[in-house]
Amino acid sequence: MFAHFILPHRAYFSVKSEFWGKNLDFRNRNDSLSDNSRKSHVYFQPIRAGVKWRKELPFDNVIQRDKKLKLVTRIRKILVQHHDNVMSLRGLGKFRRDLGVQEKTRLIELLKMFPAVFEIVEERAFSLKFKLTEEAERLYFEELKIRNEMEGLLVTKLRKLLMMSADKRILLEKIAHLRTDFGLPSEFRDTICHRYPQYFRVVATESGPALELTHWDPELAVSVAELAEEENRARELEEKNLIIDRPLKFNRVKLPKGLKLSKNDMRKMNEFRDIPYISPYSDFSGFKAGTPQKEKHACGVVHEILSLTLEKRTLVDHFTHFREEFRFSQQLRGMLIRHPNMFYVSLKGDKNSVFLREAYRDSQLIDKDRLLIVKEKFRGLVAVPQFKGRGAPESDTDWRETNHGDDMRGEEWSDVDDDDDEFDNDGEDDWIDEQINNLEMADQRLLSPPALPYGLPQERW
């Protein structure tokens with residue numbers, strides 16, 4: 001029998017959050033699958049806080065430093081599908097499009113860029129294969145072991161996601177968008193989704209197979225924000241018994257360093273904070289689109305989903321796939337930017353990413369689970385240079401300082417006024433593109449491929 005699994009409460013959410021205000025209390029809540037008690041609400045005028053987007057380098061650096069890691073992880077995923085985790089370079093060439101590598105790029109040189117991850121093996125004359133190094137393979141098996149042990153946590157995440165949705169049912173193809181962020185296995189549709197009928201089941205719909213909730217658990221219908229508020233209350237009561245009574249302090253909405261708003265915008269944000277907290281697990285069918293209550297609920301849902309992800313971040317596009325399930329606004333990206341005290345939207349990379357601000361200190365997660373610790377170790381292997389010359393980084397920490405030290409020591413905010421910020425033309429080159437371009441230039445300098453002794457051209461890898 002599957003044991004009841006509760007998501008661990010992370011310490012970083014214990015910090016007092018000014019966003020939710022002083023009305024957050026779940027002790028008297030009575031949630032259920034068909035709770036319609038929240039359909040009557042007092043509506044306010046829509047709040048429009050004109051917050052201008054600002055770039056923050058600590059968060060953007062998180063996106064930047066993962067570029068090499070993503071490429072290497074894709075190659076590893078292809079490699080481990082082969083017998084004994086050994087693959088020919090000829091076979092890897094069939095996956096150029098999946099890897100985003102152009103035809104002119106020599107794969108053997110690409111693999112040699114990561115000597116701590118991949119090892120080139122010459123099986124016989126002109127037959128080259130590659131495999132994981134001993135340390136890289138050890139980390140891979142350690143990751144598999146952790147993933148097998150965290151199935152109970154994954155089931156809880158799926159249950160909470162379904163409990164927040166309007167109809168307690170979500171298409172599997174939409175859940176797949178959050179697969180990597182949640183830590184779900186690639187085959188979750190055929191495994192986890194069918195193993196726990198006491199919690200959810202796969203049903204057929206007109207749009208395709210969907211995962212439907214079969215059991216509502218009130219113990220799971222408590223958000224991370226509510227748990228943190230309970231901790232704050234307990235801490236305040238303890239302090240009150242130890243410290244002489246003092247006058248109450250009225251909390252203001254704290255904004256990130258460098259972001260300044262007008263008094264009118266600050267007033268609107270404070271009004272938004274004072275709207276009674278709306279649990280992401282409550283019935284929101286009675287909320288009218290465009291009202292502050294609907295936005296308060298939507299922010300709570302985004303906050304809760306981000307708290308369920310491994311790295312407390314995901315792509316903004318992933319949330320747009322759930323507009324129907326959570327009744328998100330068409331201006332979802334604008335809503336996230338409008339609340340910089342909770343979220344940061346990064347324009348770095350091909351697609352925009354959204355971060356849960358309180359989960360980060362500078363560019364580092366405050367709390368990391370075992371899977372992320374393994375990922376950090378693997379990133380250290382990826383950062384090992386091909387040639388260790390003078391000044392070459394010896395570890396992942398050294399590599400980050402070498403590549404991002406200037407960014408981290410400089411201003412954290414960029415106050416660029418033009419509209420081209422979205423394309424992020426700040427002069428920072430994509431490391432992978434630069435290396436691939438260098439390889440293509442080297443290929444062009446070769447007028448003809450080398451020939452074998454008997455005159456036939458040698459195949460290039």
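**View 1. Contact of helix α2 with helix α17.** In this predicted model, K68, L69, V72, T73 and R76 of α2 meet K375, F378, R379 and V382 of α17, where contact means heavy atoms within 4.5 Å. Helices (H or I, at least four residues) and strands (E, at least two) are DSSP runs, numbered from the N terminus. By sorting into classes, the residues of this contact are 4 nonpolar, 1 polar and 4 charged. Ala, Val, Leu, Ile, Met, Phe, Trp, Tyr, Cys and Pro count as nonpolar, Asp, Glu, Lys and Arg as charged, and the others, Gly among them, as polar. The axes of α2 (residues 67–79) and α17 come within 10 Å and cross at roughly 100°. Axes are lines fitted to C-alpha atoms, for helices over the stretch in contact, with angles from 0 to 180 degrees between N-to-C directions. The two helices, α2 and α17, are therefore roughly perpendicular to each other; angles of 65 to 115 degrees count as roughly perpendicular, under 35 as roughly parallel, over 145 as roughly antiparallel and the rest as oblique.

The model is a prediction in which local features need pLDDT of at least 70 and side-chain atom pairs count only at pLDDT 80 or more, while totals for chains, interfaces and linings use all residues. Residues are numbered from 1 along each chain as its sequence is written, and side-chain values use heavy atoms, with hydrogens and water left out.

**View 2. Contact of helix α6 with helix α17.** Helix α6 spans residues 134–149 and helix α17 residues 370–382; their axes come within 10 Å and cross at roughly 165°. The pair α6 and α17 is therefore roughly antiparallel. Their crossing is left-handed, a term for a near helix turned anticlockwise from the far one by less than a right angle (right-handed if clockwise). On the α6 side the contact is made by E135, A136, L139, E142, E143, I146, R147 and E149, and on the α17 side by R370, L371, V374, K377, F378 and L381. These residues divide into 7 nonpolar, no polar and 7 charged. An α-helix has 3.6 residues a turn, so residues three or four places apart point the same way.

**View 3. Contact of helix α7 with helix α13.** The axes of α7 (residues 151–164) and α13 (residues 292–308) come within 11 Å, crossing at roughly 170°. That angle makes α7 roughly antiparallel to α13. K157, K160, L161 and M164 in α7 meet E304, I305 and L308 in α13. Of the residues in this contact, 4 are nonpolar, none polar and 3 charged. Helix α7 has 14 residues and reaches 20 Å from its first C-alpha to its last, close to the 20 Å expected at 1.5 Å a residue, the expected span being 1.5 Å times one less than the number of residues. Helix α7 is mostly covered, with 14 of its 14 residues buried; buried means under 20% relative accessible area, exposed over 50% and partly exposed in between (1.4 Å probe, protein chains only).

View 4. R96 is placed in helix α4 (residues 96–99) and is buried, with a relative accessible area of 10%. Leaving aside residues up to four places away in sequence, R96 touches V101, Q102, E103, T105 and L107. The C-alpha atoms of R96 and L107 are 9.0 Å apart, at 11 residues along the chain. L110 lies in helix α5 (residues 107–112) and counts as buried at 3% relative accessibility. Between the C-alpha atoms of L110 and V72, 38 residues apart along the chain, the separation is 9.8 Å.

View 5. R327 lies in the loop between α15 (323–326) and α16. Although not a glycine, R327 has a positive phi of about 55°; its relative accessible area of 39% makes R327 partly exposed. R338 is found in the loop between α16 (332–337) and β9 (343–346) and counts as buried at 17% relative accessibility. R338 and K52 are 286 residues apart in sequence, yet 7.9 Å apart in space, C-alpha to C-alpha. D362 sits in the loop between β11 (360–361) and β12 (364–365). D362 also has a positive phi, of about 60°, without being a glycine, and counts as partly exposed at 44% relative accessibility.

**View 6. Whole protein, for orientation.** The protein has 19 helices and 13 strands. Buried residues make up 50% of its 461 residues. Among contacts between residues at least 6 apart in sequence, 72% join residues at least 24 apart.
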